[in-house]
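Let's read a structure together, one feature at a time.

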Amino acid sequence: DNIITKPIAKAYRAAVPELFRGMIYNVFSNVNDVWVGANNLLQGKPKRALSDWTRVIVNSIFGFGGVADVASEIGLDRHNEDFGQTLGKWGVPSGPYLILPLLGPSTVRDTAALPADFAGDIWTYKTPVNWRNVGTGVRIIDKRASLLDASGLMEDAALDRYEFLRDGYLQRRQSQVYDGNVPRQADDVAEPAPSETK
């Protein structure tokens with residue numbers, strides 16, 4: 001990351017105006033909404049799935065292939081779901097935390113979900129292959145560029161960078177699995193029994 005991806009992401013952010021970076025983000029977000037909708041459906045959230053797929057139709061037609069996010073303007077919120085979250089919703093525990101080369105923080109559950117996420121990404125089937133490869137490279141650099149400020153903040157604020165990243169990642173993933181409504185643990189809600197008086 002420090003030798004290749006981060007410097008390229010910095011150059012990309014410096015060279016590409018914010019407007020165009022937003023358009024690139026919108027295109028790949030529109031592609032991703034197909035799989036997001038599938039995961040919402042698998043999690044038992046059909047209204048959100050319908051909203052995601054409606055976003056794809058609206059943005060593809062009226063947003064010039066997803067370049068503009070018209071769907072958000074008309075009240076169709078963007079969601080963020082993947083198969084790791086779906087497995088979490090089904091009760092699969094996250095398992096140990098780990099860092100994947102090139103992909104970054106993960107857990108055993110999220111790593112096991114990656115093949116489904118790759119297969120569910122319709123960009124994987126884009127032809128010709130050279131367009132798919134270029135698009136994948138742009139997508140990775142655009143995503144890394146969007147994280148530059150967060151990684152800078154983490155490096156400045158964290159006494160233990162690994163622990164800071166691990167704890168932040170695990171808390172974020174738990175929040176995503178429960179859509180921000182993480183249930184309190186039994187030992188957190190248990191009140192001490194009142195002492196009996198004679």
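Q: Leaving aside its neighbours within four places in sequence, which residues is Arg109 in contact with?
A: Contact means heavy atoms within 4.5 Å. By that rule Arg109 touches Gly84, Leu87, Gly88, Val92, Pro93, Ser94 and Val177, once neighbours within four places in sequence are set aside. This arginine is found in helix 6. Helices here are DSSP runs of H or I with at least four residues, strands are runs of E with at least two, and both are numbered from the N terminus.

Q: Is Arg109 buried or exposed?
A: The scale goes like this: buried is under 20% relative accessible area, exposed is over 50%, and partly exposed is in between (1.4 Å probe, protein chains only). Arg109 counts as buried because its relative accessible area is 9%.

Q: Before we go on, what kind of model is this?
A: It's a predicted model, where local features need pLDDT of at least 70 and side-chain atom pairs count only at pLDDT 80 or more, while totals for chains, interfaces and linings use all residues. Residues are numbered from 1 along each chain as its sequence is written, and side-chain values use heavy atoms, with hydrogens and water left out.

Q: What is the mean pLDDT of the protein chain, and where does pLDDT stay under 50?
A: pLDDT is the predictor's confidence in each residue, from 0 to 100. The protein chain has a mean of 89, and 89% of its residues reach 70 or more. The stretch under 50 is residues 186-198, where the model has 1 contact beyond four places in sequence. Where pLDDT is low, the predicted coordinates should not be read in detail.

Q: How do strand 1 and strand 2 run, and how many bridges join them?
A: Two strands pair if DSSP finds at least two bridges between them. Strand 1 (residues 97-100) and strand 2 (residues 104-107) run antiparallel and are joined by 4 bridges. Across the pair, Ile99 stands opposite Pro105 in strand 2. The hairpin has 3 residues between its strands, and Leu102 there takes a positive phi near 70°.

Q: Which two residues does a cis peptide bond join?
A: Look at omega: the bond between Thr127 and Pro128 is cis, with omega about -5°. Pro128 belongs to the loop between helix 6 (108-120) and helix 7 (129-146).

Q: How many salt bridges are there?
A: Side chains of opposite charge can pair when their charged atoms come close. The rule used here asks for a side-chain nitrogen of Lys or Arg within 4 Å of a carboxyl oxygen of Asp or Glu. That gives a count of 13 salt bridges.

Q: What does the salt bridge of Asp149 and Arg13 look like?
A: Their side chains meet at 3.4 Å, N to O. The pair links distant parts of the chain, with Asp149 in helix 8 (residues 148-157) and Arg13 in helix 1, 136 residues apart. Asp149 is exposed at 55% relative accessible area, whereas Arg13 is partly exposed at 32%.

Q: Which residue does Asp179 meet in a salt bridge?
A: Its partner is Arg48, at 3.7 Å, N to O. This pair also links distant parts of the chain: Asp179 is in the loop between helix 9 and helix 10, Arg48 is in helix 3, and they are 131 residues apart. Asp179 is partly exposed at 29% relative accessibility, and Arg48 is partly exposed at 25%. For its backbone, Asp179 has a positive phi of about 55° although it is not a glycine.

Q: Which residues do salt bridges with shared partners join?
A: Start with a pair: Asp167 and Arg166 meet in a salt bridge at 3.1 Å, N to O. With shared partners, salt bridges join Asp33, Arg55, Asp69 and Arg78 into one network.
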